[in-house]
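Subject: Structure for you to look at

Hello,

I am handing over the structure below. Please open it alongside this message, which goes through what was found.

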Amino acid sequence: MTNAQFDIVIVGAGAAGLMAAIELSNAGKRVAVVEATGRTGGRMLCVPDKENGTLVQLGAEFVHGDLPLTQLLLQQAGATTHQIEGSIWQRKETGLQPQEDFIEGYDILEPKLKAVTTDLPVQEFIQQQLAEPQCANMRQAVQDYAEGYYAADTSRSSTLALAEELTGDDQPQYRIEGGYLQLTQYMEAQCREKGVQLFLGQPVEQINWQRGSVSVTTDKTVFQCSQVLVTVSLGVLQSGSIQFVPQLQQHMMAAKALGYGHVVKINLLFRQAFWKNSTLIHEKYLADLQFLFSDERIPTWWSQHPMTTNILTGWLGGPKALSLQHAVHDELLQMALSSLAKIFDLEPAYLWQDLLGAWSHNWSADPFFHGAYSYEVVDGATHQKTLQQPAEHTVYFAGEALHHGPELGTVEAALQSGRQAAAAMLSAGNELPAAMGK
């Protein structure tokens, strides 16, 4: 066991942790970033496939709107983005059909959502406001949307947040050329240039603290510092895998009260983009396919259009994803190909034969994340404020789950939270004893 001394230790090398490290090192702080996995990026998980010359994104993939900090960093990294375009399709009993409305019967749903003034769980809203027999399809559509897009449990998720999303203006969606790997590599390089020391493959087991003095313990190292910033996923906080001594009971209760969703994501690379073959797909024009929705085990799919790659990405979110947390890659692959075969009316053997590569990530099964991203719950802002309050100006928390607003659950939320936490730590620094080792 070795000992190391720093001004500040950051636990977690995802977007929030790297952002905070850059800000704190710019202010002259000696910073260590301690990361459980063997890489930086957190839930920005990108796997280069050198054999086929493609990049597989198993975590964050889209830029949801004109997000200032994300766009700024991407510009600094020299990365380019392009707006998502293309057609949206759905699989009905009668076959593939263009999807006209994101939620069927939206003209009926919209005034009901706008009438909500007191927050309640989405499931209660469905039961109370969509009880009529003619709303059966809409009930299922709203639940599918909340579970699929937000990865949410509708018994806990916020109706007011859902209403704000569904009744607000549509935001442009972007994809990054070269994926979020561009952002991860840039931020890691910035950290190293500024003298931040990265310690990878070291899960934090315990944080002992008192005002102005912290010990962060892994199985290899004991880090001594004056302040610690914990940026692990909400799932890790909820799991209790990091022990705080003394305990931070109010913070941990707040963490458990927030919503954290589950996702299974699978990427399939084919020899040919079979969905663009109108002869094969029964005269359907899917050459500009963007999203496709169905009721299959893996229900949601998207292409990389307008990029000319032969990758289809499958997605399952919410409680149904949690139910598969013990499923291994081969099971997920079988489910995915079976789903595609039914969606496109193809023989499974054809898809197996055409398959070049398959990658999956079961985020609920990952012990270093325990899930995918956060969603709004009723009274979530109160619990966020509790987590945002530092313990004795010494123990701080940051991450996408602590950001209040529609960006919750995104890389932008993590970046904003990391930057805000760094500013708070710097402003509080004068109230603490001198940094250890100086």
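Predicted model: local features only at pLDDT ≥ 70, side-chain atom pairs only at ≥ 80, totals over all residues.

Residues are numbered from 1 along each chain as its sequence is written, and side-chain values use heavy atoms, with hydrogens and water left out.

Parallel sheet

Helices (H or I, at least four residues) and strands (E, at least two) are DSSP runs numbered from the N terminus. Two strands count as paired if DSSP finds at least two bridges between them. An open sheet of five strands runs in the order E11-E3-E2-E15-E24, and its pairing is parallel. Strand E11 (197-199) and strand E24 (395-397) are at the edges with a single partner strand each, so one side of each has no neighbour in the sheet. From one strand to the next the twist averages 20 degrees. Angles here run from 0 to 180 degrees between N-to-C directions, and axes are lines fitted to C-alpha atoms, for helices over the stretch in contact.

Strand E2 (residues 8-11) is joined to strand E15 (residues 227-230) by four bridges. Ile8 is opposite Gln227, and Val11 is opposite Val230. On its other pairing, E15 meets E24 in the parallel sense over three bridges, with Val230 opposite Phe397. Both faces of E15 are covered: Gln227 and Leu229 are buried on one side, Val228 and Val230 on the other. Buried means under 20% relative accessible area, exposed over 50%, and partly exposed in between (1.4 Å probe, protein chains only).

Nonpolar cores

A nonpolar core is a set of buried Ala, Val, Leu, Ile, Met, Phe, Trp, Tyr and Cys residues joined through side-chain atoms within 4.5 Å. The largest one has 71 residues, and Ile207, Val228 and Phe397 have the most contacts inside it. Its largest share, five residues, comes from helix H5 (residues 136-150). Another core lies apart from it, with 40 residues, including Ala15, Leu24, Cys46 and Ala79.

Contact means heavy atoms within 4.5 Å. Leaving aside neighbours within four places in sequence, the residues in contact with Ile207 include Val11, Val228, Val230 and Phe244.

Antiparallel sheet

Three strands form an open sheet in the order E6-E10-E7, with antiparallel pairing. Strand E6 (62-64) and strand E7 (81-83) are the edge strands, each pairing on one side only. Neighbouring strands are turned by 35 degrees against each other on average, direction ignored. E7 is joined to strand E10 (residues 173-176) by three bridges, and His82 is opposite Arg175. Helix H2 (residues 68-76) lies across E6, E7 and E10, at about 135 degrees to E6.

A helix pair

Helix H9 (residues 249-257) packs with helix H13 (residues 380-388) at an angle of about 145 degrees, the axes being 8 Å apart. Gln250, His251, Ala254, Ala255 and Ala257 in H9 meet His383, Thr386 and Leu387 in H13.

Regards
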